[in-house]
Amino acid sequence: MSEFKKNKIRVGIVDLNIHNLFSIYHCLNNLNYKVSVINLNEKIKNFDILLLPGVGSFKAAMKLIKKNNFHKKILDYSYKDKFIVAICLGMQLLFEESEEFGKTKGLNLIQGSVKNFPKNKNLIIPHVGWNKIIDCKKDHKHLNNKDFYFIHSLFCKPKDEKIILSNTIYKNIKFCSSILTKNILATQFHPEKSGKWGLKFIKNLKNYI
């Protein structure tokens with residue numbers, strides 16, 4: 001029995017009440033993680049990974065987070081160098097601000113902003129479906145040109161391009177599709193909806209902590 005199976009990695013999924021978190025919950029559970037759902041009025045316990053999932057409105061999510069003072073709990077968790085994984089809207093919430101429905105301040109854990117796709121009659125928004133991730137960093141070259149599932153209307157633009165883990169091209173527009181810092185891994189794509197490569201990506205989360 002592997003060390004991973006003997007000592008399950010504890011993952012806390014933040015419930016923002018505006019999305020379906022059961023796909024990522026069951027995916028993690030099936031891959032032998034010990035998974036808990038965190039309500040916004042709860043304390044963040046001693047998890048190995050805090051996970052911010054999401055499909056929904058940036059503005060609505062931040063309003064809910066701040067109403068419950070949960071942003072302070074996330075920031076305290078991050079400042080202790082504990083590991084955060086964020087998916088789709090979760091990734092966008094990490095940034096300084098978003099342009100969605102007017103400017104809204106984010107968690108400010110990552111310098112940069114969340115941008116609308118350029119107005120273009122040939123561009124269908126939201127960007128929905130399978131697309132390739134490219135430009136992967138050295139340790140992630142095996143993921144280059146693999147298809148992952150996307151559903152989003154905005155994209156993240158980090159100030160520090162060194163934290164970009166991968167890019168994706170949609171209708172000739174290249175955007176950041178994942179980032180990696182010392183204690184944050186975030187993806188614009190949904191690995192839990194991305195077949196075998198998504199499962200491989202989630203299974204390898206244990207290697208980051």
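Is Val-128 buried, partly exposed or exposed, and what is its relative accessibility? Val-128 counts as partly exposed because its relative accessibility is 46%, where buried means under 20% relative accessible area, exposed over 50%, and partly exposed in between (1.4 Å probe, protein chains only).

This is a predicted model, in which local features need pLDDT of at least 70 and side-chain atom pairs count only at pLDDT 80 or more, while totals for chains, interfaces and linings use all residues. Residues are numbered from 1 along each chain as its sequence is written, and side-chain values use heavy atoms, with hydrogens and water left out.

Select helix 4 (residues 70-79) and display its buried residues, which are Phe-70, His-71, Ile-74, Leu-75, Tyr-77 and Ser-78; helices (H or I, at least four residues) and strands (E, at least two) are DSSP runs, numbered from the N terminus. These residues lie on the same side of helix 4, because they cover an arc of only 160° around the axis, taken from the directions from the helix axis to the C-beta atoms. Their packing partners are strand 1 (10-14), strand 2 (34-38), strand 3 (49-52), helix 3 (58-67) and strand 4 (83-87), with contact meaning heavy atoms within 4.5 Å. Moving on past helix 4, select Asp-81, which has a positive phi near 65°.

Finally, select the cysteines: the structure holds zero disulfides, a disulfide being a pair of cysteine sulfur atoms within 2.5 Å. For Cys-27, the nearest cysteine sulfur is that of Cys-88, 15 Å away, and Cys-27 is buried, with a relative accessible area of 7%. The sulfur of Cys-88 has its closest cysteine sulfur in Cys-156, at 9.0 Å, too far for a bond, and Cys-88 is buried at 4% relative accessible area.
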